[in-house]
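Here is a friendly walk through one chain, from its overall build down to a few single residues. Have the structure open as you read.

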Amino acid sequence: MISTTELDQQGSLVIAKIATAYLTGPEMQEITQLLMQKIRNDRATQFILDMEAVTFLSSACIGELVTFLQDLEHVRGRIALVHVQPEVAFLFKVTRLDHVFPAFEDLDDAIDHVRG
């Protein structure tokens, strides 16, 4: 388990604060597995990934996030990113996933988005 990911759940909302600078596919897979457990066991449907510390995101992470998004759609859930560093935001933009994974500078704005 990744000790550098802190989960905070408030009702159906889960905020995952990722505290590693270099995020790889296997690490993202562990994170999405933790989030899936929140869906199955704790009825979570709204997720925010706080990526303030992340300065590098491997392309394998994108695949893991897309897979998680597909699972999230089954429970009519929503996801948003917050505090995304420019290098990481660029990866989402070039893959055109910046429209699929909305990013916010402010946590309250991200919370408002996932709550609908």
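This is a predicted model: local features need pLDDT of at least 70, side-chain atom pairs count only at pLDDT 80 or more; totals for chains, interfaces and linings use all residues.

Helices here are DSSP runs of H or I with at least four residues, strands are runs of E with at least two, and both are numbered from the N terminus.

**The chain as a whole**

Let us start with the overall build. The secondary structure comes to four helices and seven strands, and along the sequence they follow the pattern β-β-β-α-β-β-α-β-α-β-α. The radius of gyration is 13 Å, close to the 13 Å that the globule rule gives for 116 residues, so the chain is as compact as a globular protein of that length. The C-alpha trace spans about 30 × 30 × 20 Å along its principal axes.

Buried residues account for 42% of the 116 residues. If you take the contacts between residues at least 6 apart in sequence, 73% of them join residues at least 24 apart.

**Helices H1 and H2**

Two packed helices are described by the angle between their axes and the distance between the axes. For helix H1 (residues 25–42) and helix H2 (residues 59–73), the axes come within 8 Å and cross at roughly 15 degrees. Angles under 35 degrees count as roughly parallel, so H1 is roughly parallel to H2. Their crossing is right-handed.

Which residues make the contact? On the H1 side they are Gly25, Met28, Gln29, Thr32, Leu35, Met36 and Ile39, while H2 brings Ala60, Cys61, Glu64, Leu65, Phe68, Asp71 and Leu72.

Setting aside neighbours within four places in sequence, Thr32 is in contact with Glu64 and Phe68. Both of those partners are listed among the H2 residues of the helix contact.

Now for the loops. Arg76 sits in the loop between H2 and strand S6 (78–82). Although Arg76 is not a glycine, its phi is positive, at about 55 degrees.

Pro102 belongs to the loop between helix H3 (86–94) and strand S7 (103–104). With a relative accessible area of 15%, Pro102 is buried. Leaving out neighbours within four places in sequence, Pro102 is in contact with Ile79, Ala80, Leu81 and His113. Pro102 and Leu81 are 21 residues apart in sequence, and their C-alpha atoms are 6.1 Å apart in space.

Here are the accessibility values side by side.

| Residue | Relative accessible area | Class |
|---|---|---|
| Pro102 | 15% | buried |

Methods:
Residues are numbered from 1 along each chain as its sequence is written. Side-chain values use heavy atoms; hydrogens and water are left out. Axes are lines fitted to C-alpha atoms, for helices over the stretch in contact, and angles run from 0 to 180 degrees between N-to-C directions. Angles under 35 degrees count as roughly parallel, over 145 as roughly antiparallel, 65 to 115 as roughly perpendicular and the rest as oblique. A crossing is left-handed if the near helix is turned anticlockwise from the far one by less than a right angle, and right-handed if clockwise. Contact means heavy atoms within 4.5 Å. The radius of gyration is taken over C-alpha atoms; the globule rule is 2.2 Å times the number of residues to the power 0.38. Buried means under 20% relative accessible area, exposed over 50%, partly exposed in between (1.4 Å probe, protein chains only).
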